[in-house]
Each structure stands twice: as structure tokens, then as C-alpha cells.
Amino acid sequence: MRVSYQWLNEYVNLEGVSPEELAEQLTRGGIEVELVEPRDHGVKKVVVGHVKSVEPHPDADRLRVCTVDAGQGEFLNIVCGAPNVAAGQKVPVALSGARLPGGIKIKKSKLRGVTSEGMICSAGELGLPEKLLPKEQQDGILVFSPSAEVGEDAKKLLGLDDVVLELDLTPNRSDCLSMWGIAYEVGALLDREVRLPQPAERRPGGKGKSVDIVLDAEEDCPLYAAQVVEGIRLGPSPQWMQNRLLAAGVRPINNVVDITNYVMLEYGQPLHAFDYHRVDNGEIVVRHGTAGETVTTLDGVTRACDTETLLITDGSKPIAIAGVMGGENSEVTEETTTLLIESAYFSPESVRRTARRLGLRSEASTRFEKGVDPERILPALHRAVELMEELASGEVASAITAKQIGDIEEVAVDLRHSRLVGVLGVQVDKQAVTDIFRRLRFPTEVKEGVYRVQVPSRRPDISIEVDLIEEVARLYGYDRIPTTLPWGQQSPGSLTPEQRLRRVIRHTLRDIGFYEAVNYSLTSPNVLRSLEQVIHPKARPVRISMPMSDERKVLRTSLVPQLLEIAEYNIHRREEGVSLFEMGRVYLAEEKKLTQQPEERWMLAGLTTGTLTSKYWQREAEVPDFFSLKGDLEILFQRLGVAGIRYEAVQPEGYHPGRTARILMKNRVIGLIGQIHPQTAQTHDLEEVFIFELDLTPVAEAVLGETMQYRPLPKYPAITRDLALVVDEDIPANRLQELIHATGGKWLRSVTLFDVFTGGRIGKGKKSIAYSLTYQAKDRTLTDDEVNGVHQAVIAKLEKEVGASLRQ
Amino acid sequence: MTGSTPGVSVSGSSLLSCPPNPFWGSKGYRIKTVIFFRVEQFLQPTAGIAQPRVVPRISRPSDAGFFYFYGNREGIQVREQLESMKKEAEVEIRSASGPDALKELRVKYLGKKGKITSVLRGMKDLPPAERPVIGGLANEIRALLEAWIGDKEQELDQERLKTRLESEMIDVTLPGKPKPLGGVHPLNAVIERIEDIFVGMGFEVAEGPEVETDYYNFEALNLPKDHPARDMQDSFYITPEILLRTQTSPVQVRSMEARGGKVPVKVICPGKVYRRDDDDATHSHQFTQVEGLVVDRGIAMSELHGTLLSFAEQMFGRKLESRLRPSYFPFTEPSVEMDISCVQCGGKGCRMCKQTGWIEILGAGMVHPRVLERGGYDSERYTGFAFGMGPERIALLKYGIDDIRHFYTNDLRFLRQFQSL
């Protein structure tokens, strides 16, 4: 809502309160002022000039030389390029020394050899909002009505000496969508008198024309009033009205439309004017639409109705969609002489639903949706009729016809003083409370510490006790509410164990070189499809019902695809190496059409590509490989205290068939690690890319189930034996390790792989693999013979199971 | 350990003759002192090497008359022989060019076939009375030479070390070896900070689903269908009843239900939320929020004010000013918004605060009675407050970031700037 300071000043005396101070008061009172905008934008020294003559420019086809009386004694010679300039016009003239918006200075100058002593201005050049102006004003100079006085300050004439306060209203304060509502609010904030015009009902001279109103959808339209005005002469509305409409951001059109809009701004009550002669029988029937019914609205679009669409009909055909838009068939045109003016209450839900369904939002529908004040329906109609008489030469042609079903509810709310003090935490004086209600103009009775407050219908946001507490608080001043900390039972604050675990993961990965990324949960199904789902193979991506774009269509089921996209983004920006991780939720559903919320699981994914460390003066840049990333993961598991992790080669789609493994914990697949298939990587402009992804739920279960227990330090020495084996190349290392562990018995303390190689003397299809085995007993020093016995058993087992031989 | 004679610790001498100074320093008394010390050690062979420190170094009688012999000519000759050998050895040891030369000198004087041994061998020709005296002198000189050689060895070691250290000189201004270090995402860094502040004030950290039901996201929060406030947050629906949560507020009712009517309820809930907004510098279809909720007996707005102020001071620093403004949220009444003095200009007015000197950091209010009832709390007995803030906004303000999209682009040039958070 844009509020004209000058207009408001007619209702509340703003003497001594500057627009900025008013804005501060409103903001502190809960009506946030987003912008204080002087309408002049710096315009100075622009006056009304009378164009005496227009001659062609001797040296330029498009320019004209005008003689203008601008009340400066002598006539001015002004060169003008506007096509619409003509002798006899009253126009805005920027004199020498004038200022225009944007800091433009006007000086006497020569244009193609002809002296110009000023400038004839267009509306845009004076800072008026061009898009709200009629086309002829956008193209040429602004032309005033002939009654404008020569030499008069054009700024004043155009209302540019006004200041606009732009309000950012919260949905509960729809009462401030009108000048009346703001006047009440400002009156309360400043504790000043509110003076509002109270036009009386206008009655026709004779019998007048008839209007019949039938309310056939009483829940959505319980109150409808109409009056007929004839003898209308369509034309522009007066400058003062146009100025106020422009200040409010409303486009001036003609006197009839402008009056309905003006009254809407003034009272908050949207009105509609029908061409009376196009309303058959002068009958108004308000009813719901039927399936298949259509209405062609003012904008020429034919719109389908449903049984919830509230229609205004003339008994035979729909003539408007109630509260949303009028019909073309009853539109006011150049030929219109008689109007039927509508002022009604349409239920917020109905207007909201229809406006939303049709995608039609207007100043009118916005107000109906938030609930108009039923007490203002008749006054607004009186006011509109009064203005039609004054400004459109209208004559009242009917009495007001009004139909109302039910009564307007009177709302009385009780406020306990003790509750007020308890909720605010401050000892508010009782006198101060009654004073606040007086300022708000809420009639109040006080009895035994309880205020009984009559809430006017203009404030539908107030219905229960806390609503009144808020009213008192905001006028009392939120700043006067003291600061204390919650007392009473103390509570220990904490993160949950899972939250602490996630922090450890985040910080560990950060410490070993990974940057944390945060991606959108919404992505495209194609992005997800590029890589096979290994961890949650049954998951179906959850689809948004009305996505905003193809890129944000489904909820992700894996974090990896987006990490690839970020890697691509960064490599394109000349990053040499990219190491990233993300910890976030994936959304897992198995059903195609959701009947319940999908499962949300915390996942962790990492990616590394390019270089790990940059080139250094002591060594070349390090590049990642499968084992560097696996090492990172192992450090993470070590940091978390997770043991018993196994890796098994797999060949999922989108991954390198020889360099990918699923990660298992107690035979449960908890993750994946591997190289992205070179072809997939290439689509992202990447070369070797390695990723991992882990389901954090089983990891958390494993970590949080374990309690750390100290093991006594060994008292007896350990004996280490190396074991260099030659085995077939396709035997995985963990198979050997498992066999060693299985055979090594209770003395085998640790097994460390320290060498792997192929080729040379080893022979084709074979590999050499060497382990260091440490034996140790808890209770005594092992003898060489004892260790040798076990060690030989290990060797024998390896020979038997996998055909291993000792390397010679 | 340099060579030593039984009962005599040569290394002990270095404790007395301050190592950096050669023992033949310009003041001759050091030699005498050493001699004296050695004799004493020799005469009292049981004196342990641990004791040299207690032996006074100076204020000892001069050597005049100490080595006074009444002897025959042979005795005198041997003595002179020993003295001149001592002088010769001193010069040679002094000028030894390296460890090898020193080794040769040791053999030459102290070896099995060395000069001292040969002198001692000639002792049988001396009268018996003189033998112990000369023997003593010879051993005395042997100890002295041992000490000199030892000291010379140390000196040579020092020189060698010095040369080596000189050759090992590096340019200490060259860059250090790079170790990979990543960074926590600034949004999560801010969320962790917010969590820590509230945990310090006794809050638990709760979580809730991001794919939420219409009931928890709206209905339970006093936002029935067709409520105009639903316009404030256009939503991503999946089905008519399931949507991506538009706020973390659904965790309010979920937390109350989880507490089952017990008090106090003191939780915050950080998390992702989603709204149908086109992404631009100030809008994002996905962003984060941190919700807070306190329910107990007798919770007043003053406690909301105190809690928020304490948070703001911990987050932005002690010197800020704050103000509360009335606002509107369907699930709180009264509702407030909190402004703090602009963190970029300190309140003077700048682009960030739109010249007002104030910036809004959060919305809050007293929990609406209907929301308390939905959560299973009697709104007559209990009151509460709730608040919600945006980590993006806090990060934008705190670090002067100009575009919300940076948080979701994951440009390493951006992320790298927050490594120290």
C-alpha cells in the first residue's frame, strides 16, 4: 500500500510530524514502512506555460520552435522535439536553472542554432511513473487542462510536492489497505483526532430505476448493495484525483473507473460499475457457476467457471466474476450513460480460490481476500455516487438497493490485566491500558481487572485475548519490554549424539582437505539417472507436483550427481583440483504416488578430481587415485572408531568397471567408493574423478552402539614375521587377509600389507604381496618355536586355499 | 668419552674449563688450576667424578714449591725430560690439523709404545725413593695430555659441526610444504555457531522432516487452508497433503508432542526449507532456518526479549543496539521482529541497511494459544515463545556477502574464504 502524506493529512493533522518521523512511528507500531518517497524526485523550477505559437525549426525537421508564456514577463523561446506540441496548450516548462529527476540541470542553450530558454517536459521527464500513464502521455509532452494557471508551480499542480510512504503490510493488517484504516492507525499512534468524510445517501428525485437483488449463494455473498446513476459523461478525472491515484500506484483511466478506484483506496471497499443498460431487467442474481459455464472478462479472455466460482448475473447471463473481474458484456464504454454501481461483501475464501484458480490478482481481489469491512459497504457506495455526481455529471437514478443475510457480528473480547502483565513481563499501568484502547477507538469497559473491549468491524484480526495483548504491547512500545532470561526449571542444553557425530565427520573431512558443499535437494531426474543407485537401489525419486523448472523436479536420492556438477563448475573456473564433500539428506520412497512422507536419510558423499595438492617447489603436484580416496575414508572411519568395514568390487552403471567397490558393514551395504566411468566423467568435462557415498544411519548405529574401553598395555614383547606371497593376480587382498586372520589365532595381533607388485620374475598372471604379521601373547613371552608353528600354519592355509606360494 | 686414566676423569675437566674457551686461554692460571685438580684427584683416587664441581678453582697455592724434589741427578734428568715432552706435546696437540693427526699424537705420547710409557720404563734405574715421585709426575702429565687431546677433539668436533650447520642454511622465507586443508561451508559454520549459543543457554537441538505434512507445516500452526498468510510462502506440494516444508516451524508442534506435555520445552531446530521463489540475489527456492521454542509456566515476552538479545550479542558482538518491532506470524501473538544496529556501518546508514541504520535479523513472538493447544499444552497454564532466523541472512550480514546464490553455487573461490570459520 502506497500512502500519500498529503491525502492522509486531510484525515489526521500531521502538523509537526515529518514523513520520515511518521514512517518511523508506523514501523515501530508494526506497520513497516519500506520506503519514504518524495514524489518530486528533485524537480525544481517547473511552471505552467501557455504555448503561444509553434514554428518549424529552420535547421531541423523534427524540432519546433515555440513561443511560451510562462509568466516570466517576457515570452520564452523554447525548442521542442515532441510531436504533440501545439499552440494553445498549457504545458510544464522547465525554466533556465530548473532541476529534473536524476540531477539534470536546465540551462539556456542553443539547439541547432536556435536559442532555447527552457524545456517543455513530458510526464516521464518530471519523474511520473510512465507505465501508469496513458499512451499519449508516454509519447509526447504533458498537456494540462486549459484551466491551469500560467506561471503556477507545475510540481504543486501534479502533486509532486507530496511524499509517498510505501507500506509492507502483514496479512493480518488488511485494515491498512485503505486511507481510512491508516488514518485510524496513525490517529492511535500519534494520539490525534481522526476526521473522516461522512457522505450521506443520495436519493433520486423521482421514482427512479429499479434494481432487484437476489442472493443465491449467501455464504459467499451475504451482503450486496447497488445504486443506479444516470447522465454520466465519460471523460478524464480531475488532476487532483489522478495525482492521488498515481501516488498510490493506480493507473488513471477515466472518471468512472477512477472514482471506483479512488473510493477503494479511500474506504478499502472495491466497487464495480456496470453499464446499467446492459444488465437485463436491472436484476442482479449472485450465484455459483455451473460446470461448463463461461464468462468473458474485461480483458477479453473467456474463462471457465466451476461450481465454486461466485458469479454476478443478471438473471440470464453472468456479467462478472464476483470480486475478481467484470464481464465484457456489461463493461462501461464510451456509450455508457447509466451505471449500476456495486458495493458488496464477498467471502475471502471464495474470492481467493477463484482468483488463484484463474491466476487473476487485482487490487480489488486482494482486498476481498483479506476481508472487507461490512460496515463500510454502504458509506463507500454513498461516496462513489457523490463523486459520480461531482465529477462525471451523474444523477442519482435509484435508491440504494441492498440485500443482507444475517447480521454483522459484534465482537467483544475480554482482556485480564493479570494475563497482560504475565504475558508481557512488565507491570503496565491500568490507566495506560484504557488509554491505549481510547486511542485505538475501541469502546472499553473495565470491571474487576478485566477490560471488555468492543472490537470494531474494521479490525477482523482481533478476536481473542492475546490479540488485545498485542495491541496494548505495540502501542505501549515493544522497546519498553524489559529483558530477562527464562527462569524456572533449568534444562541441560545439548546436541544429540547423531548431531555430534555429523560435526566430527564435517570437521575431519575439512581437516584432510575436503571443502563442504551444500546443494539443492531438488534436482532433475536425468541427473540422478546418470549413475546407478547402489546404496538404495529400490528408491524412487519423489516428484514435485508443479515443478518450477526441469532442473528442480525431483528430490535427490543420492548426493553424488550434484557433486559432479560442482566439480565441473569449478574445473571450468580453472581450479586445478577439487575435493568436496556434502552431508545432507536424501529422500527415499518406494511408492510411485506418495501416501506418506518419504524416508529422509542422512548421507555423506565425497569427490576428488584434478590435483590433491598443488605443485610445490620441492615436489610435483599430487594427484588422487582410488587409494588416496580410500585412505581418506579409512582415516574417517578411524576417527569415528568404526571397524569391520569391507570392500567388494562391483560394476554399477556410470562407474569404472574395474575400480569401484561397495562398502559393507556386517554384510550390509552402507556405501560405495570408486571412479566415475570415463565416459560419464567426460560429459562433465572431467578426467579421473573418484567419489564415495555413505549412508550415515548404519555408521551412526555402529559408532553410537560402541563404548570405548581401555585395553591394558602389552607386558610381553611382540614378534614380527614377514610373509611374502605369490598368488594369482585375481585373488583380492582382503581374501588373503581374512585367511591370515582366521588362521593366526589369538596370538596374531596385527597384519599389515606392505608391498604389492607384479611382473618381473613373478611371472604372468601372478602377483607378489607381502604382509608383516605381529604375534603377541597377553600372559607371557612367546617362544620362536611357538610363533613359527602358527606362522607355518598360516602359510599352509594360504597354500591350500588360494594356492599361494612363498616368494623365493 | 675421550681417553681416560683409571681414577681420573678427563671429561670432568671440561666442566671446569668453560668449553667455549680453549683451556690455554690467555690467563695461564687455568692450566695451573687444572693441574692442581688433577693432582688432587690422583692423590685421592676415590674421589668420584661427580664431585669436581665442589673443588674450588682458584685461590689455590701457586705451583712454586709444590713439585719440589730433593733428588739425585738421574731423577732431575727424568723430570726435565718429562717437562720438555709436555711442552712439545702441548704445541703439537694445539696445532693438530684434524682427528687423524690427533689420533697419531695419542699413539705417539700415550700409546703402549708411546713416550710416557718409555719414560716409565726407565724408572727402574732411579733410586727407589724417587720412583713414586717421578711416577706420580708421569701419570700427572699423562692425565694432562689426555685432557688436552680430549679438549682438542671437542674443539675439532665443534668446528666440524659449525661447518656442517653453515652448509645446511636454508631460506626460511620459502613457502612451507602444503598440506591439504578444506573448509566447512559458511552456512553450516553459522548454524554450528547458532547451535552452540543456544546449547549454552540450555536448548536442545531437534530435527524434523523436510518433506512435511500440510497439517504440521500449516494447519497446526494456525494456518488453515485459504488463510491469506499462506500467500507469504508459496509451497512445493508433492500431494495435496504432503509438501516440502516452507519453514522450520512445524518442528514446534512436533517438539511439543514429543515432550508429551512436560516442561520446560527448550529446543532449537536448524534445517532446510523450500519456497517457490525464483533464485536471484536475495531469493532462493531452498534456504535454511533455525527455529526456536520455549514452553514453560510463566514465560513472558520479556524473556523472549532477553533470550534474543543475548543471542544477538553473542552472534554479532556486544556493542550492538537492538529493537523489537511488532510484526505478524500466524503462530505467534504478539509477534515481533528484531532489528539490530547495522553490522556493516554501525548504524550510520549504508546500502546494506537501506540507510536506516537497522537490519532485521529474526522474527519471533509468544506462541499462539491455538498452537500450544495443538501441541498438547494448556494455554492457560503454560505460555511460550518461538523465534525463527535465517542463517543465510546472518551470514550475509556478518560477512558482507552480496548474493545468496553464492551459498549454493559452491564456487571454491567463495568457499576458500571461509576456511578459518
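Biologist: Is E470(A) buried or exposed?

Modeller: Count the other C-beta atoms, placed from the backbone, within 10 Å of a residue's own: 20 or more is buried, 12 or fewer is exposed, and in between is partly exposed. E470(A) has 28 C-beta neighbours inside 10 Å, so it counts as buried.

Biologist: What pLDDT do local features need in this model?

Modeller: Residues are numbered from 1 along each chain as its sequence is written, while chains are lettered from A and ligands numbered from 1 in the order in which they are written. The model is predicted: totals for chains, interfaces and linings use all residues, side-chain atom pairs count only at pLDDT 80 or more, and local features need pLDDT of at least 70.

Biologist: Which residues does UniProt list for "binding site"?

Modeller: UniProt positions are given in the numbering used here, with feature names shortened, and annotations may be inferred rather than shown by experiment. The entry is unreviewed, and it lists D461(A), D467(A), E470(A) and E471(A).

Biologist: In which helix does E470(A) lie?

Modeller: Helices are DSSP runs (H or I, at least four residues), strands likewise (E, at least two), and both are numbered from the N terminus. D467(A) has its place in helix 13 of chain A. E470(A) lies in helix 13 of chain A.

Biologist: Which residues is E470(A) in contact with, leaving aside neighbours within four places in sequence?

Modeller: Contact means C-beta atoms, placed from the backbone, within 7 Å. By that test E470(A) is in contact with P326(B), E333(B) and P334(B).

Biologist: Which residue of chain B does D467(A) touch, not counting residues up to four places away in sequence?

Modeller: D467(A) is partly exposed, with 19 other C-beta atoms within 10 Å. In chain A it touches V413(A), D461(A) and I462(A). In chain B, D467(A) touches E333(B).

Biologist: How many residues on the side of chain A that touches chain B are charged?

Modeller: The contact takes 81 residues from chain A and 75 residues from chain B. Classes run as follows: Ala, Val, Leu, Ile, Met, Phe, Trp, Tyr, Cys and Pro are nonpolar, Asp, Glu, Lys and Arg are charged, and the others, Gly among them, are polar. The chain A side has 32 nonpolar and 27 polar residues, and its charged residues number 22.

Biologist: Are helix 11 and helix 13 of chain A roughly parallel or roughly perpendicular?

Modeller: Axes are lines fitted to C-alpha atoms, for helices over the stretch in contact, and angles run from 0 to 180 degrees between N-to-C directions. Under 35 degrees is roughly parallel, over 145 roughly antiparallel, 65 to 115 roughly perpendicular and the rest oblique. Helix 11 (residues 417-424) and helix 13 (residues 465-476) come within 10 Å and cross at roughly 65 degrees. The two helices are therefore roughly perpendicular.

Biologist: How many residues in the contact of helix 11 with helix 13 of chain A are nonpolar?

Modeller: R419(A), L420(A), V423(A) and L424(A) of helix 11 meet E465(A), I469(A), V472(A) and A473(A) of helix 13. Of these, 2 are charged and none polar, and the nonpolar residues number 6.

Biologist: Is the crossing of helix 8 and helix 9 of chain A left-handed or right-handed?

Modeller: Helix 8 (residues 348-358) and helix 9 (residues 363-370) of chain A pack at about 140 degrees, with axes 7 Å apart. That makes helix 8 oblique to helix 9. A crossing is left-handed if the near helix is turned anticlockwise from the far one by less than a right angle, right-handed if clockwise. This crossing is left-handed.

Biologist: Which residue with positive phi follows helix 2 of chain A?

Modeller: Helix 2 (residues 19-28) has buried residues P19(A), L22(A), A23(A), L26(A), T27(A) and R28(A). Their cover includes helix 5 (179-190) of chain A and strand 7 (322-329) of chain B. Phi is near 105 degrees at the residue that follows, G30(A).

Biologist: Why is helix 12 of chain B largely enclosed by the rest of the structure, and how many of its 9 residues are buried?

Modeller: Its buried residues pack against elements of chain B including helix 7 (186-200), strand 6 (286-296) and helix 10 (301-316). Among the buried residues are P391(B), I394(B) and L397(B). Helix 12 (residues 391-399) is largely enclosed because, of its 9 residues, the buried number 7.

Biologist: What percentage of chain B residues are buried?

Modeller: Chain B has 14 helices and 10 strands. Of its 421 residues, the buried share is 43%.

Conventions: Two residues are in contact if their C-beta atoms, placed from the backbone, lie within 7 Å.
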